[in-house]
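Hello,

Here is the structure I promised to pass on. Please open it first, then read the notes below it.

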Amino acid sequence: MPLVMSAADVRRSVTRLAHEIMEGSKGVLPVLVGIHTRGVPIAGRIAEAVTAFGGSLVPVGTLDIGLHRDDLAHRPTALLAGTRLPVDITDRTVVLVDDVLYTGRTVRAALDALNDFGRPALVRLAVLVDRGHRQLPIRPDYVGKNLPTSPIERVSVRLAEVDGGEDGVWIHRESGPFATGRNGNCQ
């Protein structure tokens with residue numbers, strides 16, 4: 001499984017995402033909302049980067065999309081991780097954060113879940129990796145790395161907070177007659 005982003009590459013991408021998000025916010029402090037599982041630590045890292053380069057403390061929340069997925073009948077039952085939003089998101093700018101953007105279905109579910117908690121003025125999307133192959137008309141506003149892939153490849157993101165060990169992004173080809181092309185972590 002070839003490494004396509006080292007820990008240093010992940011760190012640089014998170015720093016770049018933080019700069020781009022703050023530049024794009026035009027002085028309005030956004031609320032970062034990480035999509036469980038790996039979007040949560042990425043959102044936290046982005047917030048830390050903003051603070052490190054002299055910005056304000058950015059509110060960071062977590063979003064569980066488990067009950068809003070359109071593939072519940074096809075996935076194993078997972079424990080719900082819960083949603084935690086540190087502020088009311090109504091009329092606020094919200095930046096959804098995830099690790100990999102693939103079909104767009106996770107983001108669609110996240111938008112549905114987010115609406116359960118209020119009506120943001122503006123919703124943006126930040127992803128560490130955009131691998132293409134969208135099935136829905138969803139496009140990220142902030143991308144750490146564009147990673148062109150084949151539908152039969154898998155993208156695996158590992159983060160120390162979730163997986164232990166060192167951060168990194170790997171890509172590998174699925175084999176066999178039922179290769180799905182799904183991400184290792186999410187879709």
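Strand β1, residues 3-5, is joined to strand β8, residues 168-173, by 2 bridges, and the two run antiparallel. In this pairing Met5 stands opposite Val169 of β8. Please keep in mind that the model is predicted.

β8 also pairs with strand β7, residues 153-158; here 6 bridges join the strands, again antiparallel. Ser156 stands opposite Trp170 of β8.

Next is helix α2. It covers residues 39-52, which makes 14 residues. From the first C-alpha to the last it reaches 20 Å, close to the 20 Å expected at 1.5 Å a residue. Just after α2, Gly54 takes a positive phi of about 90°.

Which residues of α2 are buried? They are Gly39, Pro41, Ile42, Ala43, Arg45, Ile46, Ala47, Ala49 and Val50.

Why does Pro41 count as buried? Its relative accessibility is 10%, and buried means under 20%. Leaving out residues up to four places away in sequence, Pro41 touches Leu159, Glu161 and Val162. Pro41 and Ala160 are 119 residues apart in sequence, but their C-alpha atoms are 9.0 Å apart in space.

Regards

Conventions
Residues numbered from 1 in each chain as written. Predicted model: local features only at pLDDT ≥ 70, side-chain atom pairs only at ≥ 80, totals over all residues. Heavy atoms only, no water. Helix = DSSP H or I, 4+ residues; strand = E, 2+ residues; numbered from the N terminus. Expected span 1.5 Å × (residues − 1). Buried < 20%, exposed > 50% of the residue type's maximum accessible area, 1.4 Å probe, protein only. Pairing = 2+ DSSP bridges. Contact = heavy atoms within 4.5 Å.
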